[in-house]
Amino acid sequence: MGYLSLIFLSPLFVFFPPYFSAAASPKPHTLLLPFHKDKATHLLVTQIHGRTPLIPVSYVVDLKTEFLWVNCETNYTSSTSYLPKCGSPQCAAAKTNYCFSCPHPYVRPFCHNNTCGLLYENPVTHQSTIGEVSQDVLAIWSTDGSTPGPLVKIPNFLFTCSPWLLIEKGLPKGVQGVLGLAQAPIAIQNQLPSLSGLKIKPAFAFCIPSDNSNGPIFFGYGPYNFLPGIDASQMLKYTPLIISAYREYYIQVKSIKINQKLVPVNTSLLTLSSSATGGTTFSTTDPYIILEGSLFKAITSFFAKQLSAIPTVEPVAPFGLCYESKRFQPTRLGPGVPSIDLELQGHGVVWSIFGANSLVEAKPGVLCLAFVNGKSLYRAAITIGTYQLQDVLLQIDLARSRLGFTGPLIGVRTNCGNFNFTTSGVSTTMLLSFLACVAVILFWCLFCMTMSESFCGAAQQNALLEAIWLHGKWEAA
């Protein structure tokens, strides 16, 4: 019976490496990042593990930034960090011909001669600089679409190093960079299919909670499951995806209706022009819909006309149309007001904005139409902000050049905060491997009970434990 002590001495009982095994099967088709909305800035913030050894680093999520950039000037330490040289395959992949020549004799800690660079900016302050293209390890959670699985190591991930100055203003406390999701060569969604060793498709989806819960960013196709067992990927409606000259995501709005009545607008503004003006885009750094000046006037006045029996109150900046909240009856989809319908390209494809996403509490007792007058300051005629995206799953499907969106998830009794981020840290494949090791130990014990001590002495026990320990130290794909 002494040999049964092998089971309790096995390190598998006390150590489960949180990495995906290259030998494990089946491999995940989807990766996952949690994010939350920063209370002070309303920006979306995610944590990504990276470097060697792995540490979590916080980033702002931005649909308009073209790649991941991070502060390398302070506290960047990694044994796997590498700076590609000018003319290297990595620089070619990043589509840059810029070659650094650092000032002499002073050389900045993040500046090295003969390295390639990319131009980028802080999406809040719009301060810009050229940073060095760099390469290191990234690690992202796998998922079966319902819960997080083990981390998947992504070797040789390309990003850009930033000076500390670019994170000094505008970004939430503790954030070290920006996770760019625009359609660019080294954006994360375009690197994952080739670097992860997994069957990840060039598509991503995200769902912004309306409360302080964490929301998910999925890389790859669904399922996208939310409690209590609702697969939002089955609710997606699709419209063609347009990529602008600035690598931003646009859709074609054909017309706008309020209360099922056509709003008279200059329809030429609804189409993205050859000079990349007009059209409808999305923003994860702007909290509310921003409308070109004439569209703002047309939509707000038409909305007010549909509610002519309800008196308005003094507008609360930055909004232009406000009411007393007590004037509206609550519904499952928010305050009971007429829906605002964006009729999109595609047969019968309509994006309906109901009260939960159209009216916002600007101050206690006052609800305002959550649309902002952008005048002529923005390239896009319509920029859909994070408030209008709350509790709506949005999928950017680059493989099929389409944008998918759901109706408000609160209409089917769930929401974006209902993804189950809880995990025991043990995936199905890890558990199966663990059970296989236990079976080997039990077989060894039973075998030893019938054999002499020379077969099953301390040396043999130690050799078995060492073999099991090495098996447990999985490496990522």
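1. Let's begin with the largest cavity of this predicted model, which holds about 90 Å³ of space. Fourteen is the count of its lining residues, and Arg51, Tyr59, Tyr76, Val137 and Leu138 are the closest to its centre. By residue class, the lining of the largest cavity has 10 nonpolar members, two polar and two charged. In total, the structure has five cavities of 30 Å³ or more.

2. Now for the open space. The largest pocket contains about 830 Å³. Its lining is made of 31 residues, and those nearest the centre of the pocket are Lys64, Glu121, His126, Glu248 and Arg379. Strand S5 (residues 117-121) provides the largest share of this lining, with four residues. Sorted by class, the pocket lining comes to 16 nonpolar, six polar and nine charged residues.

3. A sheet to look at next is an open one of four strands, in the order S17-S16-S24-S25 and with antiparallel pairing. Which strands form its edges? They are S17 (261-262) and S25 (350-353), each of which pairs on one side only. As a reminder, strands of a sheet pair through backbone hydrogen bonds, either parallel or antiparallel.

4. Two bridges join S16 and S17, which run antiparallel, and here Ile258 stands opposite Lys261 of S17. S16 also pairs with S24, over five bridges in the antiparallel sense; in this pairing Val253 faces Leu344 of S24 as its opposite residue. Strand S24 (residues 340-344) then pairs with S25 over four bridges, again in the antiparallel sense. Within that last pairing, Asp341 has Ser352 of S25 as its bridge partner.

5. The turn between S16 and S17 deserves a look of its own. These two strands form a hairpin with two residues between them, and Asn259 takes a positive phi near 60 degrees there.

6. What lies across strands S16, S17 and S24? Helix H4 (residues 293-306) does, running at about 30 degrees to S16 (253-258).

7. Two peptide bonds may be worth a check, since most peptide bonds are trans. The bond joining Leu227 and Pro228 is cis, with omega about 5 degrees. Pro228 sits in the loop between strand S11 (225-226) and strand S12 (230-231). The bond joining Ala317 and Pro318 is cis as well, with omega about 10 degrees. Pro318 belongs to the loop between strand S20 (312-313) and strand S21 (322-324).

8. On the subject of backbone angles, most residues other than glycine have a negative phi. Lys95 has a positive phi, near 60 degrees, although this residue is not glycine. The loop between H2 and S5 is where Lys95 is found. Is Lys95 buried or exposed? Its relative accessibility is 62%, and the cut-off for exposed is over 50%, so Lys95 counts as exposed.

9. Arg413 is another residue other than glycine with a positive phi, in this case near 65 degrees. Arg413 lies in the loop between strand S31 (402-405) and helix H7 (428-449). Arg413 counts as exposed because its relative accessibility is 63%.

10. Finally, a word on Ser79. Its place is in the loop that connects strand S4 (69-71) and helix H2 (89-93). Ser79 counts as exposed because its relative accessibility is 60%. How far apart are the C-alpha atoms of Ser79 and Thr52? The separation is 5.5 Å, while the two residues are 27 residues apart along the chain.

Definitions and conventions
Residues are numbered from 1 along each chain as its sequence is written. This is a predicted model: local features need pLDDT of at least 70, side-chain atom pairs count only at pLDDT 80 or more; totals for chains, interfaces and linings use all residues. Side-chain values use heavy atoms; hydrogens and water are left out. On a 1 Å grid over the protein atoms alone, a cavity is a set of points where a 1.4 Å probe fits but cannot get out, and a pocket is an open set with protein on both sides within 12 Å along at least five of seven lines; lining residues have an atom within 4 Å of a point. Grid points are joined across faces, edges and corners, and a volume is the space filled by probe spheres set on the points. Ala, Val, Leu, Ile, Met, Phe, Trp, Tyr, Cys and Pro count as nonpolar, Asp, Glu, Lys and Arg as charged, and the others, Gly among them, as polar. Two strands pair if DSSP finds at least two bridges between them. Contact means heavy atoms within 4.5 Å. Axes are lines fitted to C-alpha atoms, for helices over the stretch in contact, and angles run from 0 to 180 degrees between N-to-C directions. Buried means under 20% relative accessible area, exposed over 50%, partly exposed in between (1.4 Å probe, protein chains only).
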